[in-house]
Structures are given as C-alpha cells and as structure tokens.
Amino acid sequence: MYLQRRNRILRQSPAIRSMVAETMLTPNDFIVPLFITEGENITQEIASMPNYFRYSIDNTVKEVKELWRMGIKSVLLFVKSKDELKDNKGTEAINPNGLMQRSIKAIKDTVPEMLVMTDVALDPFSSYGHDGIVENGQIVNDPTVEVLAQMSVSHAQAGADFVAPSDMMDGRIGAIRKALEENNFINTGIMAYSAKYASCFYGPFRDALDSAPGFGDKKTYQMDYANRIEAVKEALMDVEEGADIVMVKPGLPYLDIVREVKNAVDVPVSVYNISGEYAMIKAAAKMGWIDEDKAILETLTSFKRAGADLIATYFAKDAVRILNH
Ligand code: PBG
C-alpha cells in the first residue's frame with residue numbers, strides 16, 4: 001500500500017509522542033481548594049471526597065507549606081462556618097476576625113509567596129445555605145452585591161491576593177472592583193466565576209461545608225446547563241466590569257464552554273474540576289473500574305486542551321506526584 005501521509009509516524013515512540021504533544025501540565029496550572037474549619041490540630045476526611053480533608057488553621061498552614069514545596073503556587077480558601085454564626089445576611093462573612101480572615105493572615109504570615117485566593121459568596125455563612133440574602137423566598141440581587149463587596153474588601157484587608165466571587169449575582173464584579181479601588185486595594189485581583197452552572201455535581205462540596213440550600217435550588221442565579229452563548233455573555237460582562245481571570249464551572253461536562261469562553265476573552269480562563277467530578281473518579285477507582293492516576297492526568301489534560309489556563313482541582317497534589325514520577 002502506498003500512502004503519501006502516515007499519521008502514525010508521530011505516534012510510534014514515547015520520545016516522538018512527547019516531542020509533538022500539544023498540551024503539557026505543570027504545577028503552575030493548579031489552584032488548590034482548601035476547606036478550613038475551627039479548632040486546633042484538626043484533619044477531618046470529607047465523607048463524599050475520599051482522601052480530601054477539612055483542616056483547622058494550623059494544619060492548613062502545614063498543608064500550604066507542603067504545597068509550596070511541591071511547586072504549587074495558588075490556593076483557594078473555603079471556610080466551614082459554625083451554625084450559630086450563620087444568619088440571612090451572612091454577617092460573619094465580613095467579620096475582620098472571622099475564620100476566613102484569620103486563615104488568610106496565617107497563610108500569608110507563613111508562606112507569603114503563596115497566592116491566596118478566597119471564595120466570595122454568602123452560602124457558607126447563610127442560615128438558608130444560599131449565595132445571597134433571602135427576602136420572601138427570593139434571593140435578592142442588589143443587597144447581596146453590597147455584602148459581597150464588603151466581604152471582598154475584608155479579604156483584601158486580611159491579605160488575600162485574589163478574591164473569587166462564586167455567587168453569580170448580577171453586577172458584583174463591577175461593585176467589587178469599585179470597592180477595592182475605593183479602599184486602595186489596587187493590587188487585589190478578581191477571579192470571577194463567570195459561567196457557573198446550576199449543577200448536581202456540587203453535592204460533595206456542600207457536604208464539606210455543610211452548605212446545602214435549605215430550600216429550593218440555585219437556578220435563579222446559577223446558569224442553566226442548556227446554555228452556551230449565555231456563558232460568553234457572562235464572561236465578557238465580567239471582563240468589562242474588571243475581572244482579571246474568568247472561570248467556567250463545573251469542568252468536565254463543560255469543556256465546550258471552556259473553549260467557547262477562551263476564544264471570546266482576552267484574560268486567562270480558569271476551570272473548576274469540582275467535587276462531584278473528584279468523587280466520580282475516586283469511586284470508580286475504588287471499584288477497580290478505572291486506573292486512578294491515568295484518569296487524573298487524562299482529565300486535567302483535557303481542561304488545558306479545551307483552553308483552560310488554570311485548573312482548580314482537588315487532584316493537584318496527585319497530579320504533581322504523578323508528573324514527577
Ligand atoms: C458556592 C460554591 C459551590 C462550589 C464552590 N463555591 C457550591 C454551590 O454553588 O452550591 C462548588 C465547588 C465544588 O463542588 O467543588 N458559592
């Protein structure tokens with residue numbers, strides 16, 4: 001058989017395959033989500049996220065040191081607030097001495113070079129488990145945005161490098177940028193969860209923070225998974241309002257959105273490989289149905305191939321370990 005072109009030539013050995021690989025993962029790609037709880041010397045495994053933990057601040061700091069040693073440069077903080085501190089307005093979210101604010105300080109005091117990103121949304125502090133203030137059964141936009149702006153300033157005050165609003169209220173990026181400017185936090189970045197979908201895959205995360213909505217769902221603020229063009233609208237508006245990085249979330253079922261957003265914006269795009277995606281790989285691996293390490297690399301590579309510049313993932317440490325192997 002005569003063939004002018006033989007595509008298998010470039011696949012015939014590990015050497016040639018690695019030389020022509022289009023996509024490469026490095027520790028610089030990863031953002032590590034961390035769950036923080038009150039107390040001392042606490043390490044609690046999250047039931048629906050095997051081998052992932054909630055740490056008290058002291059153990060969080062130890063973990064961050066290890067991450068930095070491994071070459072990981074960014075963490076994204078979430079706190080599990082005590083039930084008695086929760087109210088409708090998320091008052092605890094802006095407590096200068098709250099768990100989030102103390103965590104930021106503790107990390108920046110110990111590993112100042114680590115980029116500290118912080119979740120900005122009311123759900124961990126809301127007695128309703130919603131990302132916004134509830135009035136007459138509705139999640140009210142504008143009063144929520146005011147609290148989110150105060151929360152962002154409070155995180156910046158504590159030393160956060162980036163705030164990461166994950167709430168999907170309208171106009172919050174512009175309001176947060178304005179509040180940061182007015183308070184002279186001109187170096188604080190905003191990583192906007194721009195295209196965040198109402199997803200069933202957030203379940204394990206809500207276990208981790210005990211933050212499941214007390215009534216209804218999040219469909220009046222998070223996006224409908226039937227939509228693609230709307231993701232571009234959200235991302236472009238967030239960039240216009242001052243987002244430094246835009247995010248697509250969840251990850252795996254939304255690779256088309258990652259590519260669409262990447263093609264539309266002129267800022268870095270991040271993707272969140274969320275808790276349900278983590279749990280699925282863990283569960284299948286436990287059953288012996290897939291090879292966990294291979295599934296991790298293939299999944300994370302698919303995000304970069306789709307166009308993500310950054311990947312928030314619970315697999316970051318595993319990935320670095322596998323890549324170094
Ligand atoms: C809420 C928030 C959620 C996640 C990050 N921030 C859950 C939700 O919107 O209900 C999910 C992350 C994950 O599932 O890994 N502001």
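I began with α10 and looked up which of its residues are buried: Ala295, Ile296, Thr299, Leu300, Ser302, Phe303 and Ala306. Seen down the axis of α10, these buried residues fall within an arc of 150 degrees, so they line one face of the helix. I keep in mind that this is a predicted model.

Next I turned to the other side. The face of α10 turned away from the buried one carries Lys294, Glu298 and Arg305, which are exposed.

What covers the buried residues of α10? I found several elements, including β1 (30-36), α8 (255-264), β11 (269-273), α9 (275-286), β12 (310-313) and α11 (316-324).

I also checked the length. Helix α10 has 15 residues (292-306), and at 1.5 Å a residue it should span 21 Å; its end C-alpha atoms are 21 Å apart, so the two agree.

Then I looked at the ends. At the start of α10, a side-chain oxygen of Asp291 comes to within 3.1 Å of the backbone nitrogen of Asp293. Just after the helix, Gly307 has a positive phi of about 125 degrees.

From there I moved to β11, one of the elements covering α10. Five of the five residues in β11 are buried. Val269, Val271 and Asn273 point one way from the strand, while Ser270 and Tyr272 point the other way.

Which strands pair with β11? Strand β10 (residues 245-249) does, in the parallel sense over three bridges, and β12 also runs parallel to β11, joined by four bridges.

My last entry: β10, α8 and β11 form a right-handed β-α-β unit.

Terms used. Residues numbered from 1 in each chain as written. Predicted model: local features only at pLDDT ≥ 70, side-chain atom pairs only at ≥ 80, totals over all residues. Heavy atoms only, no water. Helix = DSSP H or I, 4+ residues; strand = E, 2+ residues; numbered from the N terminus. Expected span 1.5 Å × (residues − 1). Buried < 20%, exposed > 50% of the residue type's maximum accessible area, 1.4 Å probe, protein only. Arc of directions from axis to C-beta. Contact = heavy atoms within 4.5 Å. Polar contact = N/O pair within 3.5 Å; in protein donor to acceptor, adjacent residues only side chain to side chain. Pairing = 2+ DSSP bridges. Right-handed = clockwise from strand over helix to strand, strands pointing away.
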